[in-house]
Amino acid sequence: GDQSAYNGANYLVPNNSLQDYVFNIQPSNKINTTLTPPTGANDRTFSVWFKTFVFAFETICGYGTGSAKAGFDIVTYTNGTVGVHAFNTGVEASGTFILNQWNHYAVTYDGTILRGYLNGQPVNTLTIALVTGTTLDFTIGAGIYSGSNNFSGDVSNIAIWNSVLTASNVNTIYNNGTPNDISSLSPNNWYKLNAQDTFDGTNWTIKDYAGSNDGTSSGMTSANLVQSNLQHTSGYSPYALD
């Protein structure tokens with residue numbers, strides 16, 4: 001790509017893997033923040049990159065309040081699917097993920113329909129009525145409805161929109177399995193979950209790169225930040241080598 005340089009005779013190709021850091025979440029860990037409620041018809045889009053090593057009922061992240069019909073969790077299931085768990089409705093807006101590899105899951109809500117996308121492809125939908133409150137909790141690694149079934153695996157680049165993204169937008173985020181710069185899609189909240197987050201010796205501050213809703217960790221140490229083979233692209237280079 002554009003990291004190669006032409007010296008007048010040959011292309012010089014750097015030997016680097018573009019590795020980044022991600023967060024490894026364990027059942028005793030979670031990250032908490034509070035979101036501003038959406039306007040209009042409760043329009044929302046959630047996007048998350050995750051990698052898990054077991055087929056289990058675990059919550060990647062949860063959104064809403066403790067009251068019924070106020071939100072939903074994004075969970076993995078023992079049958080190898082990932083989807084939405086809304087006040088105990090079970091597997092909805094779900095698709096089959098790939099074990100031991102990075103997967104991208106997105107879900108949109110337009111006030112009536114939850115619509116899921118897995119690795120860029122649309123999956124099931126669910127018609128549901130959700131309500132909002134004055135504040136809405138968003139938790140990474142744990143849920144609102146899924147009890148103590150906390151996540152065990154890697155997470156990266158979680159983003160939230162107060163709008164319904166199109167299938168084309170979701171494909172742009174998925175980017176053939178390589179996260180890129182999503183600034184052009186104007187997320188309301190964007191947690192990159194990488195080495196730019198800060199650890200004060202007790203808690204992590206998880207920076208919100210699109211808004212002001214920084215997250216705070218619970219039960220996490222410096223060891224939760226791990227190097228990963230999840231490769232990122234800058235999102236602006238049109239170059240490749242033929």
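Predicted model: local features only at pLDDT ≥ 70, side-chain atom pairs only at ≥ 80, totals over all residues.
Let's start with helix H1, residues 167-174, whose buried residues are Val170, Ile173 and Tyr174. Buried here means under 20% relative accessible area, with a 1.4 Å probe and protein chains only, and helices are DSSP runs of H or I of at least four residues, while strands are E runs of at least two, all numbered from the N terminus. Looking down the axis of H1, those buried residues fall within an arc of 100°, so they line one face of the helix; the arc is taken from the directions from the helix axis to the C-beta atoms.

Numbering runs from 1 along each chain as its sequence is written, and side-chain values use heavy atoms, leaving out hydrogens and water.

What sits over that buried face? The cover includes strands E5 (44-52), E10 (103-109), E11 (113-118) and E14. Strand E14 spans residues 153-161 and holds Gly153, which counts as buried because its relative accessibility is 0%. Setting aside residues up to four places away in sequence, Gly153 touches Phe23, Asn24, Ile25, Lys51 and Phe53, contact meaning heavy atoms within 4.5 Å.

Conventions. Buried < 20%, exposed > 50% of the residue type's maximum accessible area, 1.4 Å probe, protein only.
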